[in-house]
Protein chains: 2
Amino acid sequence: MELKNDRFLRALQGQDVDVTPVWMMRQAGRYLPEYRNTRKQAGDFISLCQNPQLACEVALQPLRRYAFDAAILFSDILTIPDAMGQGLYFSEGEGPKFKKVIRSEQDVDKLPDIKVADDLSYVTDAVSLIRKELNGSVPLIGFSGSPWTLATYMVEGRGGTDHSHTKVWAYLEPDGFGKLIKLLTDAVTIHLLQQIESGADVVKLFDSWAGVLAETQFRRWVIEPTTEIVRRLKLAHPEIRIIGFPRGAGVLYQEYAHATGVDAIAIDGAVPAAWAAETLQRDRTVQGNLDNLALMTGGETLTNETHRILGALGGGPFIFNLGHGVLPKTPPENVTRLATLIREWKA
Amino acid sequence: MELKNDRFLRALQGQDVDVTPVWMMRQAGRYLPEYRNTRKQAGDFISLCQNPQLACEVALQPLRRYAFDAAILFSDILTIPDAMGQGLYFSEGEGPKFKKVIRSEQDVDKLPDIKVADDLSYVTDAVSLIRKELNGSVPLIGFSGSPWTLATYMVEGRGGTDHSHTKVWAYLEPDGFGKLIKLLTDAVTIHLLQQIESGADVVKLFDSWAGVLAETQFRRWVIEPTTEIVRRLKLAHPEIRIIGFPRGAGVLYQEYAHATGVDAIAIDGAVPAAWAAETLQRDRTVQGNLDNLALMTGGETLTNETHRILGALGGGPFIFNLGHGVLPKTPPENVTRLATLIREWKA
């Protein structure tokens, strides 16, 4: 289907654009009153993800308000481990948790052979619906958590810890832990292929906890599985564009960008823009990296930080985004202001 | 006083050494049974810090077991805000917290004019005692939290959050927040001068939450105050050597190293060693950066990771350390093994 607005895809292909394309991580989220209403209707967050009609509705909400250049599937990065029977739940103010944990090769061997097609049909149904409703207006981004990040949640049972169970297991028994990573690499690949076949134009890999690893472990558990996923996706769909986001990778963003073969590298808010322009943007598209607290603050802070980022990165292949998801307390009018700043900016 | 072992100071001055010097962050800590005994005697962690005799005892304990090349003052990075009346306390398993929080310029104006000399005499007494007991065997490191990190604890009331109160205040009212940073810059400088005058040979600045800032904020709240502290310390004591540790700074380690004028840059476990060798070690000493979980794991993991780091950094001015503090569950014999690996390593 011919897209009415292909800025986002053009930027991903390194082609010229009239203005810098923009979308935001968690653009469908709690900062929008209409999102809060739909979520209330669904019951809770997981029920919202699992209801394709309502997931489609919230995915479209930000596009009705803002001139964003892409839609993103509304789902969660932890749907794959949940489909493996780990028992995903959310405890208020503490983020996602799992009822079961995986801490040995025996635990891995007992994991059910998930039929991603069946067990995650609510995700692919949402992709199809959103794609249909978009009706060629803007491209649709599908996504998945990356194997390392999914593994940390499965091993720790939650996020945001020191990841000691996962890291020690990976050090002590790289073959056993590697089985879990391999299983997740397969599942992520299959799940993303299904999203692509259901209508996702682009896919993004979220590796939220990539930044906690020493370089040897980063290569083995972040770069290697990501490279394999990219290879298999491109083999099946040579035209697919892939965005990688190894959050917090610091200096290692560079090696990740080159080694994995992703088309675009998404960077967090702490990455200096001039460095990203010199080292990452030289041979691929960069996406990022406004501090979500600068967006929440608004005013001069928002203007200055937006202009700074555009000044450093806006001349090359670039997609404007945040360095992390939009925060629930963000005033929706700050997002309007951000979109205007980007539209009005001249290199 | 002539030091019996001056490897650490020589490495800090970029001079040749016979073997790579080593010490560990939190080398006096819960992984040692003798530490746990002394702490029990003191009552709790804060009482231990505030008792110069017992603080001296625990500072010396690791040196009796291991061939470390430096001692470090036993204290806490949060003594300065505690002396300002913020009410430091530790809640089990949750890290340090403050009873009061500072969230406005008015709150800053109400902070007492601390007399660092009086209120923190337990710290300088500990420095004098440790120095005396060391009797010229190895150098003594004094330390302080850096203004940004101290400010985050004072504003948030605790560590490990998203730092949103601190970051938004700094964005909205840089002058008001800047008053807090200036006050802390003065207090840190005075406190470190007193430690130097009490016998510290080297001082280290811990900026544990430097990695959460966008580059503009990193320059203003991390680099600027650190540069000012370094300038004032060197003005009063041109011979003093200063180690800076802006944990998690990623690509910005480089700018920090050059702009602040620290003699050595300490790096966390995620920094690739070859990058550190090329960019940081070129004109100053590097300290780091073994993953504390690799030390806890031991065995081949410990050997391989230690050799990897020595291979990349051992040829230049280098001090072996961890990327973060030693973990309580670390087997003490792994530390013996680490010291041996370093002593036996040949470039």
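Here is a chat about a predicted model with chains A and B.

Biologist: Hi! Let's begin with chain A. How many helices and strands are in its secondary structure?

Modeller: Chain A has 17 helices and nine strands. Keep in mind that this is a predicted model.

Biologist: Noted. And what does the C-alpha trace of chain A span along its principal axes?

Modeller: About 55 × 45 × 40 Å.

Biologist: What radius of gyration does chain A have, and what would a compact globule have?

Modeller: Chain A comes out at 19 Å. A compact globule with 347 residues would be near 20 Å, so the value for chain A agrees with that.

Biologist: Let's zoom in on helix 11 of chain A. Which residues does it cover, and how far does it reach?

Modeller: Helix 11 of chain A covers residues 174-197, which makes 24 residues. From its first C-alpha to its last it reaches 33 Å, close to the 34 Å expected at 1.5 Å a residue.

Biologist: What about Gly199(A), is its phi positive or negative?

Modeller: Positive, near 125 degrees. Gly199(A) follows helix 11 of chain A.

Biologist: How do helix 11 and helix 12 of chain A cross?

Modeller: Their axes come within 10 Å and cross at roughly 35 degrees. Helix 12 of chain A is residues 215-236, and helix 11 passes it in a right-handed crossing.

Biologist: Which residues meet there?

Modeller: On the helix 11 side of chain A, they include Ile181(A), Val188(A) and Leu192(A). Helix 12 of chain A brings residues including Trp221(A), Ile229(A) and Leu233(A). By class, this contact has nine nonpolar, two polar and two charged residues.

Biologist: Switching topic: how many residues does each chain put into the contact between A and B?

Modeller: Chain B gives 28 residues and chain A gives 28 residues. On the chain B side, helices 10, 12, 14, 15 and 16 each supply at least two residues. Helix 10 of chain B gives the most, with five residues.

Biologist: And how do the residues on that side of chain B divide by class?

Modeller: There are 16 nonpolar, seven polar and five charged residues on the side of chain B that touches chain A.

Biologist: Last one: why do we say the copies meet through the same surface?

Modeller: Because 100% of the interface residues of chain B are also interface residues in chain A.

Methods
Residues are numbered from 1 along each chain as its sequence is written. Chains are lettered from A and ligands numbered from 1 in the order in which they are written. This is a predicted model: local features need pLDDT of at least 70, side-chain atom pairs count only at pLDDT 80 or more; totals for chains, interfaces and linings use all residues. Two residues are in contact if their C-beta atoms, placed from the backbone, lie within 7 Å. Helices (H or I, at least four residues) and strands (E, at least two) are DSSP runs, numbered from the N terminus. Ala, Val, Leu, Ile, Met, Phe, Trp, Tyr, Cys and Pro count as nonpolar, Asp, Glu, Lys and Arg as charged, and the others, Gly among them, as polar. The expected span of a helix is 1.5 Å times one less than its number of residues. Axes are lines fitted to C-alpha atoms, for helices over the stretch in contact, and angles run from 0 to 180 degrees between N-to-C directions. A crossing is left-handed if the near helix is turned anticlockwise from the far one by less than a right angle, and right-handed if clockwise. The radius of gyration is taken over C-alpha atoms; the globule rule is 2.2 Å times the number of residues to the power 0.38.
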